[in-house]
Amino acid sequence: MPRTRAIAVLAVALLAAVAPAAARAVPEHATLHASFTPDRLGAATTIAFAFKLATGEGLAPPPLTRMDLRIPAGVNYTRTELGLAICQPDALQARGLAGCPANSRLGYGSAVVEVPFGVGAGHEIPEIQAVAGPSPNGNLDVLFYANGLYPVYAQLAFSAEVLPDTGRFGSQLNTIVPLVTSVPGGPDVSIVSVATTIGPTGLTYYKHVHGRLVAFRPRGVSVPERCPRGGFPFAAEFSFQDGSHTSATTAVPCPRPRH
Amino acid sequence: MLKDPRGQAREPIVRPLLALAVVLLLCAQADVSHAANARVARTFSLNDYGRLHLTSHRGFTLNEAGSASGTISGTIYIHLTVASTNRVTAEVNIYPHGGSLTGYASASYRPAGAVATFSGTMAVLRGTGTYRHARASGLSFSGTIQRSNDAVTVHVSGRMSA
């Protein structure tokens with residue numbers, strides 16, 4: 001067989017092998033935003049993070065099934081007072097935030113979901129709460145509670161585990177996201193965006209002092225004491241119901257030196 | 001000088017024997033001296049509790065001081081470092097009457113709720129004074145951290161030689 005013909009056959013074979021993979025690829029797109037408030041080296045802080053998901057065409061993505069958020073190395077959990085109490089998942093599911101001790105609150109936020117029927121670009125779930133949950137595996141556990149009223153009436157409690165990480169990242173928040181059906185027997189809703197906090201901003205804890213119940217603001221996790229070149233890195237990986245994945249990164253800029 | 005039967009001169013046999021005797025004597029003396037200095041390592045069961053309060057903190061390390069009671073009593077200092085979200089390491093110094101002990105511990109860390117707990121092992125690698133020969137490994141090391149004020153309790157137990 002002439003050499004050029006063999007090369008042509010090989011090229012066609014390679015193209016045939018690659019083409020289906022390219023056709024399968026679902027170009028989900030993710031953006032991630034993170035911030036520290038206050039943003040000072042070593043200061044106790046509130047971490048805010050938000051993400052948006054869409055297909056390459058700007059449409060609602062497939063239903064989200066998993067999210068792993070990677071948090072920069074040096075974020076210090078040593079002296080945080082967040083999660084001085086534990087909320088039981090059953091109580092959270094049954095009674096919402098009212099079923100949890102005030103001292104279990106970790107943060108709060110909101111989400112936008114897309115339902116595969118009706119009109120409208122997205123529907124806000126105005127209430128997402130993060131509370132400290134029991135830790136069956138010995139790791140910090142965050143319970144998220146989403147209270148959807150319209151058009152999807154669903155109260156969801158699901159947990160995320162804080163695991164140690166390596167390299168530029170010190171820990172990661174691994175979340176298994178449950179599927180939510182739009183209507184009984186109908187397709188699952190898509191999460192378009194989520195914004196939430198982990199930290200003391202907007203939280204009030206209580207403690208007994210000389211027999212009196214005193215309100216206080218809990219101490220948050222601390223901003224690292226050194227800022228790496230390029231800022232504090234955050235990264236997130238997203239997995240979808242159809243088996244596709246996408247990821248996003250961002251960085252919180254280094255705070256300006258204080259004079 | 002002795003002469004052999006053939007009339008040739010030969011090394012006197014007394015001198016090497018004497019030298020050998022001196023060497024043997026010196027060796028024997030050294031052995032006796034070593035035996036006098038040698039000590040039989042005493043192994044005993046350690047079971048100690050410590051209650052500590054936060055004195056300072058830096059980065060991921062809590063510096064704690066308090067008192068230890070049990071088999072060995074005295075002032076106890078712990079530098080407890082939260083190495084990751086689920087692991088702590090510690091340097092433990094105990095100052096009983098007449099000496100000191102230094103140990104290093106590594107433990108899993110479970111920060112759930114108001115009281116975080118840790119559990120792992122500790123080795124005693126140094127001592128001074130009465131405890132200068134203290135050594136141990138695989139000691140059980142466990143305790144709690146009261147998250148509202150960072151007060152620590154610690155329990156160390158196992159076999160130690162001193």
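**Two chains, term by term**

Tutor: Let's start where the chains meet: the contact draws 20 residues from chain A and 17 residues from chain B. Two residues are in contact if their C-beta atoms, placed from the backbone, lie within 7 Å. Strand β7 (residues 154–164) of chain A gives the largest share of the side of chain A that touches chain B, namely 3 residues. By type, that side of chain A divides into 9 nonpolar, 7 polar and 4 charged residues. Here Ala, Val, Leu, Ile, Met, Phe, Trp, Tyr, Cys and Pro count as nonpolar, Asp, Glu, Lys and Arg as charged, and the others, Gly among them, as polar.

Tutor: This is a predicted model, in which local features need pLDDT of at least 70 and side-chain atom pairs count only at pLDDT 80 or more, while totals for chains, interfaces and linings use all residues. Residues are numbered from 1 along each chain as its sequence is written, and chains are lettered from A and ligands numbered from 1 in the order in which they are written.

Student: What is the average pLDDT of chain A?

Tutor: Chain A averages 87, and 86% of the residues score at least 70; pLDDT is the predictor's confidence in each residue, from 0 to 100. Where pLDDT is low, the predicted coordinates should not be read in detail.

Student: What makes strand β6 (residues 140–148) of chain A mostly covered?

Tutor: In that strand, 8 of its 9 residues are buried. A residue is buried if 20 or more other C-beta atoms lie within 10 Å of its own, exposed if 12 or fewer, and partly exposed in between, with C-beta atoms placed from the backbone. Strands (E, at least two residues) and helices (H or I, at least four) are DSSP runs, numbered from the N terminus.

Student: How do you know that β6(A) and β7(A) pair?

Tutor: Two strands pair if DSSP finds at least two bridges between them. β6(A) and β7(A) share 9 bridges in the antiparallel sense, so they meet that definition.

Student: Which strands form the closed barrel of chain B?

Tutor: The barrel has 8 strands, β3-β4-β5-β6-β7-β8-β9-β10, with antiparallel pairing. In chain B, strand β6 (residues 87–95) and strand β7 (residues 99–110) pair over 8 bridges, and B:I94 has B:L101 as its bridge partner in β7(B). The secondary structure of chain B comes to 1 helix and 10 strands.

Student: Why is B:D150 called buried?

Tutor: B:D150 has 20 other C-beta atoms within 10 Å, so it is buried. It is found in the loop between β9 (136–146) and β10 (151–161) of chain B, and has a positive phi of about 65 degrees although it is not a glycine.

Student: Why does A:H210 count as exposed?

Tutor: A:H210 has 5 C-beta neighbours inside 10 Å, so it counts as exposed. Its place is in the loop between β10 (205–209) and β11 (212–216) of chain A, and its phi is positive, near 50 degrees.

Student: What makes the peptide bond from A:T37 to A:P38 cis?

Tutor: Its omega is near 0 degrees. A:P38 is found in the loop between β1 (29–37) and β2 (44–54) of chain A. Most residues other than glycine have a negative phi, and most peptide bonds are trans.
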